[in-house]
Amino acid sequence: MRGKPLIVYYSRTEFAAQVSEYLAALTGSDTVRLIPVNSYPDDYYECVEQGRKEVRSAYCPELRPYDCNLEAYATVHKNQLYQARNII
(Lines give C-alpha, C1' and ligand atoms only; values in the text may rest on other atoms or scores of the structure.)
Protein backbone atom coordinates (compact mmCIF):
# COMPACT_ATOMS: atom_id res chain seq x y z
CA MET A 1 0.00 0.00 0.00
CA ARG A 2 3.02 2.32 0.47
CA GLY A 3 2.98 5.01 -2.18
CA LYS A 4 -0.80 5.38 -2.34
CA PRO A 5 -1.96 8.84 -1.14
CA LEU A 6 -4.25 9.33 1.86
CA ILE A 7 -6.68 12.21 2.33
CA VAL A 8 -7.51 13.00 5.97
CA TYR A 9 -10.50 15.26 6.61
CA TYR A 10 -13.06 16.53 9.11
CA SER A 11 -16.53 17.40 7.89
CA ARG A 12 -19.19 19.01 10.05
CA THR A 13 -21.71 19.56 7.26
CA GLU A 14 -20.73 16.81 4.79
CA PHE A 15 -19.32 19.32 2.29
CA ALA A 16 -15.68 18.47 3.09
CA ALA A 17 -16.61 14.78 3.01
CA GLN A 18 -18.04 15.11 -0.49
CA VAL A 19 -15.02 17.05 -1.75
CA SER A 20 -12.58 14.63 -0.12
CA GLU A 21 -14.31 11.57 -1.57
CA TYR A 22 -14.40 13.24 -4.99
CA LEU A 23 -10.67 14.03 -4.83
CA ALA A 24 -9.95 10.49 -3.66
CA ALA A 25 -11.81 9.06 -6.64
CA LEU A 26 -9.85 11.30 -9.02
CA THR A 27 -6.47 10.48 -7.50
CA GLY A 28 -6.91 6.88 -6.37
CA SER A 29 -6.40 7.94 -2.75
CA ASP A 30 -7.77 6.40 0.41
CA THR A 31 -9.65 8.61 2.88
CA VAL A 32 -9.91 8.86 6.65
CA ARG A 33 -12.58 10.95 8.31
CA LEU A 34 -11.68 12.49 11.67
CA ILE A 35 -14.60 12.47 14.10
CA PRO A 36 -14.35 14.29 17.44
CA VAL A 37 -15.47 12.43 20.57
CA ASN A 38 -17.65 15.41 21.53
CA SER A 39 -19.73 16.80 18.67
CA TYR A 40 -19.59 20.47 17.76
CA PRO A 41 -22.75 22.57 18.21
CA ASP A 42 -25.36 22.32 15.44
CA ASP A 43 -25.82 26.10 15.48
CA TYR A 44 -23.37 27.60 12.97
CA TYR A 45 -22.43 30.66 15.03
CA GLU A 46 -21.92 28.63 18.21
CA CYS A 47 -19.75 26.20 16.27
CA VAL A 48 -17.65 29.03 14.78
CA GLU A 49 -17.16 30.60 18.21
CA GLN A 50 -16.10 27.28 19.73
CA GLY A 51 -13.69 26.76 16.84
CA ARG A 52 -12.16 30.21 17.34
CA LYS A 53 -11.62 29.53 21.03
CA GLU A 54 -9.99 26.20 20.24
CA VAL A 55 -7.65 27.73 17.66
CA ARG A 56 -6.66 30.59 19.99
CA SER A 57 -5.84 28.19 22.80
CA ALA A 58 -4.19 25.59 20.51
CA TYR A 59 -6.73 23.04 21.75
CA CYS A 60 -6.97 19.78 19.81
CA PRO A 61 -10.22 17.88 20.40
CA GLU A 62 -10.07 14.22 21.29
CA LEU A 63 -10.85 12.07 18.26
CA ARG A 64 -12.67 8.79 17.94
CA PRO A 65 -10.35 5.95 16.98
CA TYR A 66 -9.85 5.42 13.27
CA ASP A 67 -8.66 2.31 11.49
CA CYS A 68 -5.65 3.54 9.56
CA ASN A 69 -1.90 3.14 9.80
CA LEU A 70 -0.55 6.52 8.66
CA GLU A 71 2.95 5.08 8.28
CA ALA A 72 1.67 2.88 5.45
CA TYR A 73 1.23 5.95 3.22
CA ALA A 74 3.93 7.89 1.42
CA THR A 75 1.76 11.00 1.14
CA VAL A 76 -0.88 12.26 3.58
CA HIS A 77 -3.01 15.25 2.56
CA LYS A 78 -5.25 17.12 4.94
CA ASN A 79 -8.33 18.68 3.42
CA GLN A 80 -8.56 22.28 4.62
CA LEU A 81 -11.34 23.82 2.57
CA TYR A 82 -11.24 27.13 4.42
CA GLN A 83 -7.75 27.72 3.01
CA ALA A 84 -8.93 26.96 -0.50
CA ARG A 85 -11.73 29.52 -0.19
CA ASN A 86 -9.23 32.18 0.86
CA ILE A 87 -7.04 31.47 -2.17
CA ILE A 88 -9.80 31.48 -4.81
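Me: Which residues make up the largest nonpolar core, and how do I read that term?

Reply: A nonpolar core is a set of buried Ala, Val, Leu, Ile, Met, Phe, Trp, Tyr and Cys residues joined through side-chain atoms within 4.5 Å. Buried means under 20% relative accessible area, exposed means over 50%, and partly exposed lies in between (1.4 Å probe, protein chains only). As a general idea, nonpolar side chains in soluble globular proteins tend to be buried together. Here the largest core has six residues: Leu 6, Val 8, Val 32, Cys 68, Ala 72 and Tyr 73. Keep in mind that this is a predicted model, where local features need pLDDT of at least 70 and side-chain atom pairs count only at pLDDT 80 or more, while totals for chains, interfaces and linings use all residues. Residues are numbered from 1 along each chain as its sequence is written, and side-chain values use heavy atoms, with hydrogens and water left out.

Me: What is Cys 68 in contact with, beyond its neighbours within four places in sequence?

Reply: Contact means heavy atoms within 4.5 Å. With those neighbours set aside, Cys 68 meets Leu 6, Val 32 and Tyr 73.

Me: How many disulfides does the structure hold?

Reply: A disulfide is a pair of cysteine sulfur atoms within 2.5 Å, and there are zero of them here.

Me: Is Ser 20 buried or exposed?

Reply: Ser 20, in helix α1, is buried, because its relative accessible area is 0%. Skipping neighbours within four places in sequence, Ser 20 is in contact with Ile 7, Tyr 9, Thr 31 and Asn 79.

Me: Where is Ser 29, and what does its side chain do?

Reply: Ser 29 is in the loop between α1 (15–27) and β2 (30–33). With a relative accessible area of 10%, Ser 29 is therefore buried. A polar contact is a pair of N or O atoms within 3.5 Å; within protein, one must be able to donate a hydrogen and the other to accept it, and residues adjacent in sequence count only if both atoms are side-chain atoms. The side chains of Ser 29 and Thr 27 make one at 2.6 Å.

Me: Which residues have a positive phi without being glycine?

Reply: One is Glu 14, with phi near 80 degrees, in the loop between β1 (5–9) and α1. Glu 14 is partly exposed, because its relative accessible area is 37%. Another is Ala 58, at about 60 degrees, in the loop between α2 and β3. At 63% relative accessibility, Ala 58 is exposed.

Me: How many aromatic pairs are there?

Reply: Rings of Phe, Tyr and Trp (its six-membered ring) pair if their centres lie within 6.5 Å; planes under 30 degrees apart are stacked, over 60 edge-to-face, and the rest tilted. The whole structure has two such pairs. One of them is Tyr 44 with Tyr 45, edge-to-face at 5.2 Å centre to centre and 80 degrees between the planes.

Technical notes:
Helix = DSSP H or I, 4+ residues; strand = E, 2+ residues; numbered from the N terminus.
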